[in-house]
Amino acid sequence: MLAGTATLTASPATWYSCQIRIRAKNKDTPIVIPGKAAFTTFPRGYARFSSEFLDLVWSTSDNGVQFNSKITIEERRSLGALVAHVRLLTLVTSSDTDMQIWAGGRRIYGGRARKAADGRWHQLYPVLEFLRSLSTDDVELSIADVVRASAELGRFQEIAAVRGVACTLEFTDVERVPVGAERLLYSAQVTVGSATFFAIVERPVIREDATGPQKHFALGDPRIIESYAATGDGLEQQFQADFEREINQSFLTLGVADIRPAFEGHEIRIYGSPGFDRLDAINS
């Protein structure tokens with residue numbers, strides 16, 4: 001009689017259309033992703049979940065999780081898809097998670113999964129989420145596009161969203177320095193891949209101090225009143241027109257059409273809403 005050794009593996013026979021629900025420890029809202037799942041119990045139990053952007057293998061013997069991203073670094077996908085994908089990767093690499101697979105209106109698999117090892121994603125997710133908050137159109141970006149623009153994105157996010165800031169304007173025309181501004185309105189933009197993100201930001205003036213031609217403003221929290229992402233030519237004219245429309249609809253508001261040069265010490269142009277004259281200014 002011939003005797004030998006062999007390794008037995010079992011492949012899942014049936015794939016189910018399903019949803020996977022992943023909830024971080026101590027969090028209330030799960031991530032829900034549609035896909036397909038299959039299960040085996042012999043020789044060891046595991047569940048395999050496959051979606052458009054992710055493959056995930058979950059071992060029921062030790063609660064370990066392995067995942068394989070289907071989005072390459074250079075591949076462009078819709079911003080909405082990138083946000084969902086990176087949010088999931090952030091979740092499974094930052095804490096233990098509760099995983100459930102639902103099909104046909106009932107839970108068919110569930111348990112606790114240990115934190116996966118790769119923790120790079122938690123830095124990328126807030127940036128993508130911020131970009132997604134600016135645009136209702138699903139522009140296409142790659143992870144590499146975002147990484148290459150990271151320095152400009154950091155400055156853009158600071159300009160548009162950081163709370164509790166102050167600024168100083170030094171006016172070149174000391175005879176026409178405005179008094180009593182209630183708001184500062186400004187715009188900024190950043191290009192990521194082939195898309196340019198544009199935002200008009202309004203901040204209330206909390207305190208105003210004057211020293212000669214200089215005006216010091218303590219500013220309140222930002223409110224983004226217009227934002228979108230656009231591609232193609234002629235965007236500067238569109239951005240300028242949108243800014244001028246907003247400043248002309250305001251009252252007692254000073255405006256900066258593009259505030260980015262001010263951070264590099266360049267001269268900028270100050271616009272005035274009704275109640276103010278138009279002024280030229282230098283940022284200090």
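Modeller: Beyond its neighbours within four places in sequence, leucine 88 is in contact (heavy atoms within 4.5 Å) with Ile22, Ile31, Ile33 and Leu54. This is a predicted model, in which local features need pLDDT of at least 70 and side-chain atom pairs count only at pLDDT 80 or more, while totals for chains, interfaces and linings use all residues. Residues are numbered from 1 along each chain as its sequence is written, and side-chain values use heavy atoms, with hydrogens and water left out.

Leucine 88 belongs to helix 1; helices (H or I, at least four residues) and strands (E, at least two) are DSSP runs numbered from the N terminus. Its relative accessible area is 3%, so leucine 88 is buried; buried means under 20% relative accessible area, exposed over 50% and partly exposed in between, with a 1.4 Å probe and protein chains only. Between the C-alpha atoms of leucine 88 and alanine 24 there are 9.8 Å in space, against 64 residues in sequence.

Arginine 23 lies in strand 1 (residues 16-24). With a relative accessible area of 28%, arginine 23 is partly exposed. Its contacts, neighbours within four places in sequence aside, are Asp28, Thr29, Pro30, Leu91, Asp96, Thr97 and Asp98. Its C-alpha is 8.7 Å from that of glutamine 100, 77 residues away along the chain.

Helix 1 itself (residues 79-94) has 16 residues and spans 22 Å from first C-alpha to last, close to the expected 22 Å; the expected span is 1.5 Å times one less than the number of residues. Of these 16 residues, 12 are buried, and helix 1 is thus mostly covered. Among the buried residues are Leu79, His85, Leu91 and Thr93.

Two packed helices are described by the angle between their axes and the distance between the axes. Axes here are lines fitted to C-alpha atoms, for helices over the stretch in contact, and angles run from 0 to 180 degrees between N-to-C directions. The axes of helix 1 and helix 2 come within 9 Å and cross at roughly 150°. The two helices are therefore roughly antiparallel; that word applies to angles over 145 degrees, roughly parallel to those under 35, roughly perpendicular to 65 to 115, and oblique to the rest. Their crossing is left-handed, meaning that the near helix is turned anticlockwise from the far one by less than a right angle (right-handed if clockwise). The residues of helix 1 that meet helix 2 include Leu82, Val86 and Leu89, and their counterparts in helix 2 include Tyr125, Leu128 and Leu131. The residues of this contact comprise 10 nonpolar, four polar and three charged; Ala, Val, Leu, Ile, Met, Phe, Trp, Tyr, Cys and Pro count as nonpolar, Asp, Glu, Lys and Arg as charged, and the others, Gly among them, as polar.

Helix 2 has 14 residues and reaches 21 Å between its end C-alpha atoms, close to the 20 Å expected. Its buried residues, which include Trp121, Phe130 and Leu134, pack against helix 1 and helix 4, among other elements.

Helix 2 (residues 121-134) and helix 4 (residues 150-161) have axes that come within 11 Å and cross at roughly 55°. That angle makes helix 2 oblique to helix 4. The contact involves Pro126, Val127, Phe130, Leu131 and Leu134 of helix 2 with Leu153, Phe156, Gln157, Ala160 and Ala161 of helix 4. Nine of these residues are nonpolar, one is polar and none is charged.
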